[in-house]
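Look over the sequence and the model, then read the points below.

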Amino acid sequence: MKILKFGGSSVGTPERIETVLSLMGQLVKEKISFSVVFSAFSGVTDQLIHLGKTASSGDEGYKKVMDELKARHISAAEYLLSHQRFIEVRKTIDDHFNTLGDMLKGVFLVREASPRTMDFIQSYGERLSNMIIAEAAIDRGYPASYLDARQCVVTNSEYGYAKVNFKKTDRNIVEYFELHPDKIHIITGFIGADEDGLTTTLGRGGSDYTAAIFAGALQAEVLEIWTDVDGVLTSDPRKVDGAFTIPELTYNEAMEMSHFGAKVIYPPTIQPALSRNIPIVIKNTFNPDFQGTLIHQKYQDTSRSPIKGISSMTNVSLLLLEGSGMMGVPGVSGRLFTALGREKINVILITQASSEHSICFAIDDKDRLKSIEAVNTEFAIEQAEGLINPIKVDSDLCIVAVIGEQMKSVPGIAGKLFKALGKNGVNVIAIAQGSSELNISFVIHKSDEAKTLNVIHDAYFLSESKTINVFMIGVGLIGSTLIDQMIQNKALLKSQNGIEMKICGLANTKHMILNPKGIDSSSWKEVLNTSDMVSDATKFVNSMIEMNLSNSVFIDNTSDSEIPNLYPKILQSSISIATPNKVAASSDYDTYSNLKSLARKHNVQFLIETNVGAGLPVISTLRNLINSGDKILHIEAVLSGSISYIFNGFDGKKSFSQLVRDAKELGYTEPDPRDDLSGSDVRRKITILAREAGFKSEMKDVVIDPILPKACFEAKDVNDFFKTLESYDATFQAKLEKTSKERKKMRFIAKASPTEVTCGIKEVDESSPFYHLAGSDNMIVFTTERYQSRPLVVRGPGAGAAVTAAGIFAEIINSFSV
């Protein structure tokens with residue numbers, strides 16, 4: 001014997017009911033003995049509750065809602081049944097709604113709907129759906145029979161959440177099935193009857209419970225819960241994109257998952273099955289061939305992750321009872337929870353300080369005021385004497401539970417968990433863990449729920465990869481190249497690093513687009529350029545922060561001087577920053593220092609590798625030297641690709657002014673070459689390097705020995721500049737001849753030491769690593785205590801979209817791979 005249960009979503013429309021009937025037909029064909037429990041059609045129970053409340057408020061609008069509800073059931077019956085059977089069933093539907101209408105009229109007149117009355121009203125959802133489906137099954141030739149569960153399920157009179165009398169219920173079920181053998185019983189879920197025969201309900205989700213009650217009484221070989229998802233998932237798929245089906249769970253794991261918010265199974269369902277060791281299978285009505293989730297006593301799969309799933313429960317309040325009068329006083333906890341029990345308040349989580357100075361407990365938000373009153377009343381005398389403080393309340397919270405029976409055999413689970421949360425700026429308010437180590441539960445702010453679930457999901461490799469959520473301002477040459485590199489390396493990145501990059505925000509100078517689910521990387525240009533959102537950096541950043549996604553990184557590919565003003569806010573929101581924009585790191589030292597401090601405080605990264613040498617490992621090398629205990633004595637560097645090109649090519653074959661023209665035409669310089677030849681960009685870069693080396697340097701203090709005469713900078717435009725520069729060709733030629741005779745070369749070198757930072761033309765001989773510099777390469781030379789006689793040299797292209805994008809890409813990957 002199998003017991004099947006189909007939820008409201010499975011029978012939400014006549015078409016879906018047809019699917020269910022087809023599944024039943026397959027079992028009939030295979031001659032499998034089974035019976036089925038059905039919920040009300042989707043949404044009907046809520047409508048019935050609304051009917052009762054509307055009528056009790058004196059609002060005649062309940063009549064219209066009831067008419068709509070009646071029409072829906074008549075329509076379903078007409079769709080599913082033959083004409084003759086429909087005529088008969090239509091009469092039954094009319095009778096049901098006449099009785100319901102009379103009841104609601106009474107509620108309307110007395111302006112009251114007691115819990116007993118509400119149970120009776122709600123019972124019509126299951127009674128109508130099961131009656132219609134039973135008739136449809138009979139119409140198709142199945143040996144089906146309608147069974148009103150009130151004939152078998154005996155409960156107490158606790159209306160709304162009745163407790164089952166299993167001794168009487170089990171006897172009734174067995175006797176009924178013995179009297180009606182060889183039938184497919186179509187059983188109403190959710191409802192029962194008390195000793196006086198009055199209708200009761202088993203609580204929301206009670207149809208699962210009904211199925212488990214029948215399965216237990218009949219000692220079924222399996223209980224199948226059919227729903228609209230592929231079993232129990234590792235987490236809520238609406239909040240965790242990477243959530244996937246758990247193949248198997250123990251009863252204990254399933255109970256923990258359901259208690260803490262997994263909606264696939266109703267928590268009490270498991271107990272009747274567990275007591276008789278009946279396996280539970282969670283299946284998808286709309287994907288019946290998928291294996292789903294098997295819930296049973298024990299399994300031997302030791303290769304699995306110690307974490308089976310992550311559940312969450314929202315709308316929670318945390319109450320704190322504390323005071324010196326609690327320390328060493330027996331019975332305080334007993335009084336507290338007795339007071340809450342008298343008010344029928346369910347305590348979800350408890351944690352107590354070892355000093356006994358405080359007890360913290362979590363409840364449903366709806367019980368908050370009632371709890372405060374109950375506790376303050378119970379401890380009124382102690383509060384008046386100052387021994388116990390008035391109860392403190394923190395609302396809008398969420399409980400997250402990490403669940404798995406094997407956690408107890410794996411050290412470091414909790415450490416890894418809370419480290420991952422800390423890195424993403426999630427504040428944990430309270431923690432509880434039972435001695436069985438079946439779950440670790442903790443309380444966080446409700447706004448952090450989705451981020452927390454994704455962080456944990458990634459941290460324990462329940463997902464195939466860690467997802468980095470990318471928000472990018474500036475999609476010009478560098479930005480678009482970076483996106484191309486992300487696309488090209490997607491598969492490699494996932495297989496080798498376990499990382500997946502999801503673009504959630506893009507902005508250029510005109511438009512912006514944000515989507516927490518991700519932007520299609522294959523069509524991002526079209527999507528961005530057709531977006532109706534006007535580009536606004538502040539709004540972009542605020543939206544990014546409000547999304548509150550885990551593992552987020554903000555990429556600023558601009559040279560804008562205003563966007564860096566948003567960096568502190570971004571870092572304070574536990575979002576990392578990666579940028580080639582030099583403005584922030586080269587502004588006043590206090591601003592730079594504050595950004596570094598904020599990144600450390602909020603466990604995020606301020607990634608500025610590309611500020612200095614594009615894709616060259618300059619800052620990372622410098623940090624590695626310092627972190628390994630080396631001391632930086634001084635740094636010398638050629639930091640401008642354009643200036644490097646000019647001086648490396650200045651061999652007398654072309655005039656100096658012609659080399660500058662060539663550099664401009666090749667795109668090595670800005671449209672006005674004076675922007676490069678002024679040395680201002682080099683000054684920014686050497687200032688950043690000096691700071692990263694530990695030297696407290698201000699950009700205004702950097703001494704620049706100018707390359708060009710003052711007259712060149714005073715030229716009114718670019719054409720005038722080149723004319724003026726040509727007049728100094730002889731001067732530059734003379735300098736070249738002098739250095740050539742001395743077997744030296746001219747290089748524009750920046751230097752940083754603890755005492756000064758300078759930039760200027762230097763004459764170097766063959767002993768200098770700068771002597772052999774060629775093309776537009778950059779070179780950075782670190783002289784340290786370990787590298788004195790032979791300094792450490794980093795050399796390569798220091799500019800270009802491809803290498804700069806690659807530098808940003810690599811720095812992000814390295815940071816999030818840790």
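Asp681 and Lys685 form a salt bridge, with their closest N and O atoms 3.4 Å apart. A salt bridge here is a side-chain nitrogen of Lys or Arg within 4 Å of a carboxyl oxygen of Asp or Glu. This is a predicted model: local features need pLDDT of at least 70, side-chain atom pairs count only at pLDDT 80 or more, and totals for chains, interfaces and linings use all residues. Residues are numbered from 1 along each chain as its sequence is written, and side-chain values use heavy atoms, leaving out hydrogens and water.

**The Asp681 pair**
- The two residues are four apart in helix α27 (residues 680–692), so about one helical turn separates Asp681 and Lys685.
- Helices are DSSP runs (H or I, at least four residues), numbered from the N terminus.
- Asp681 is partly exposed at 26% relative accessible area, while Lys685 is buried at 7%.
- Buried means under 20% relative accessible area, exposed over 50%, and partly exposed in between (1.4 Å probe, protein chains only).

**Other salt bridges**
- The rule gives a count of 38 salt bridges.
- Glu135 pairs with Arg85 at 2.8 Å, N to O.
- Glu135 is in helix α5 and Arg85 in helix α4, so this pair ties together parts 50 residues apart in sequence.
- Glu742 and Lys738 also meet in a salt bridge, at 3.4 Å, N to O.
- Glu742 is partly exposed at 38%, and Lys738 is partly exposed at 42%.

**Helix α2**
- Buried residues of α2 include Val44, Leu48, Ile49 and Leu51.
- Gly58 follows α2 and has a positive phi, near 85 degrees.
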